[in-house]
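Below is a colleague's note for someone meeting this structure for the first time. Please read the numbered points with the sequence and the model open beside them.

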Amino acid sequence: MPADSKVTSNSPSIEDLTMPGRDVETFLESFIDNRPLPENLRDGIKYGLFGGGKRLRPVLVIRACEAVGGTAQDAMPPAAAIEMVHCFSLVHDDLPAMDDDDMRRGRPTLHKHTNEAMAILAGDGMLSLAFELLATRVADAQLASSLVRELSVATSDMVAGQVYDTLPVFGDDIEDVDRLEVIHKHKTAALLRASCRMGAIIGGGSAAQLASLTRYAEAIGLMFQIVDDLLDVTATSQQLGKAAGKDLEKGKFTYPGVLGVEASRQEVQRLQYEAHEALEDFDKAAAPLRELCDFMAVREK
Ligand code: GRG
C-alpha cells in the first residue's frame, strides 16, 4: 500500500473532500430553476436532487478532470449530469416495485413525500434532463457527443445491473463471487467509471491517462459496493440515513454474505491498493483522487 494511502487524523474530512460538490449543487439548481417545467415536477426533481447526498460522482468528474490538467469549471456539465442520473436511480430504486424504501438521505423517500406517480415522473425527468444538459451546455459538439456516449452506456449498464440483481436470469453456472462482480460492475461501478472517464475526456486527457483513470475507477467502483454491503451489516439506520440490515432481511446476494466480513474487508484493501497503483503515473494533481479512494474505503455512511 502506498505510504500516503492510510487514513489518519490529519486526513481530509468528508466535507473537505466533497467541497466541489457544493458548486455542482449551485449549477444544478440554476439549471433546474431556469428550465420551464410544471412547478410540482420541478419541486419533485429538486427534492430528489437536494437535501443530502455525498456528491461522490460529480466530485470524481471534477477531480479526474483536474488530474489531467482541466478545470472544475470545464467539468461542471458532466458533473451535474451524472448526479442527475444517480439521483434518478435512487428515486426509482426506492419505489415499492423496486426496493420499497421509506427513508433516503435521512428523510422520507420522494414517493413517500409526494406520491408514486410523481416519483416515477421526477426520476424520468432527471434522466432526460441529464442528457439535455450535456447537449446544451457543452459547446464543442464532438466533446458533447463523447460525453453523451459515456453517460448513456453507463446508465444502460446500471439498469442492466439492477436487472441482474433483482430479476436474475443468469449466474447458475458461475461462481457466486463472479456473479457478484458482474452485478456490481454494472449496477454500481458503471456510473463511478463514467464519472472518471467523463472528467478525463472533458479535461483533454491523453489515451494513457484515460486508461489509467478507467482502471482507478473500476477498482473504486467495486470497492464502493463492498463497503456498502459491509455497512448494511455493520452500521445503524441512523448512521446511514436509510434502513440498515435490509440486504439480510431480503436475502440479498452480498459480498459479506458470499465471502464473509473479514474476506470482504481484505478485498476492500486489495482494491484500494489497485486504485492507488492505477494513479502511479500521475503527479500531485491526482492527490484528491487518492484521498477520495481512501475515504471511500473507510466511509461510515
Ligand atoms: C432503478 C434504474 C434503476 C437503477 C437502480 C443504482 C441503482 C440501480 C440503485 C440505487 C440503490 C443502490 C443500492 C445502488 C448501489 C449504489 C449505491 C450504494 C448508491 C448509493 O450511493 P451514494 O452512497 O449515495 O453515493 P448518496 O446519497 O451519497 O448520493
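The points below take up the ligand site, the salt bridges, the backbone and the surface in turn.

1. Basis of the note. This is a predicted model, in which local features need pLDDT of at least 70 and side-chain atom pairs count only at pLDDT 80 or more, while totals for chains, interfaces and linings use all residues. Residues are numbered from 1 along each chain as its sequence is written, and side-chain values use heavy atoms, with hydrogens and water left out.

2. The shell around the ligand. There are 19 residues around the ligand, and Lys 54, Arg 57, His 86, Asp 93 and Arg 105 come nearest; a residue is counted as near if one of its heavy atoms lies within 4 Å. By class the shell has six nonpolar, seven polar and six charged residues, where Ala, Val, Leu, Ile, Met, Phe, Trp, Tyr, Cys and Pro are taken as nonpolar, Asp, Glu, Lys and Arg as charged, and the others, Gly among them, as polar. Helices α5 (72-93), α8 (141-166) and α11 (207-234) each supply at least two shell residues, and α5 gives the largest share, six residues; helices (H or I, at least four residues) and strands (E, at least two) are DSSP runs, numbered from the N terminus.

3. Polar atoms at the ligand. An N or O atom in the side chain of Lys 54 is 2.6 Å from an oxygen atom of the ligand, a polar side-chain atom of His 86 lies 2.7 Å from a ligand oxygen, and for the side chain of Arg 105 the N or O to oxygen distance is 2.8 Å. Taken alone the ligand exposes 710 Å², of which the protein buries 92%; accessible areas come from the Shrake-Rupley method with a 1.4 Å probe, and for residues only the protein chains shown count as cover.

4. Salt bridges. The structure holds 23 salt bridges, each being a side-chain nitrogen of Lys or Arg within 4 Å of a carboxyl oxygen of Asp or Glu. In one of them, Glu 25 pairs with Arg 55, with the closest N and O atoms 2.7 Å apart. This pair links distant parts of the chain, since Glu 25 is in helix α2 and Arg 55 in the loop between α3 and α4, 30 residues apart. Glu 25 and Arg 55 are both buried, which means under 20% relative accessible area, with exposed over 50% and partly exposed in between (1.4 Å probe, protein chains only).

5. A second link. Arg 215 forms a salt bridge with Glu 274, the closest N and O atoms being 3.0 Å apart. Because Arg 215 lies in helix α11 and Glu 274 in helix α15 (residues 261-278), the pair ties together parts that are 59 residues apart in sequence.

6. Backbone points to check. Most residues other than glycine have a negative phi. Arg 55, however, has a positive phi of about 60°, and Asp 100, in the loop between α5 and β1 (103-104), has a positive phi of about 55°. Arg 55 has a relative accessible area of 2%, whereas Asp 100 is partly exposed at 41%.

7. The surface. Val 159, Val 163 and Leu 167 form a nonpolar patch with about 250 Å² of accessible area together. Leu 167 is found in the loop between α8 and α9 (176-187) and counts as exposed at 57% relative accessibility. Patches are made of residues with over 30% relative accessible area and no salt bridge, like charges being joined within 9 Å and nonpolar side chains (Val, Leu, Ile, Met, Phe, Trp, Tyr) within 5 Å.

Methods: Polar contact = N/O pair within 3.5 Å; in protein donor to acceptor, adjacent residues only side chain to side chain.
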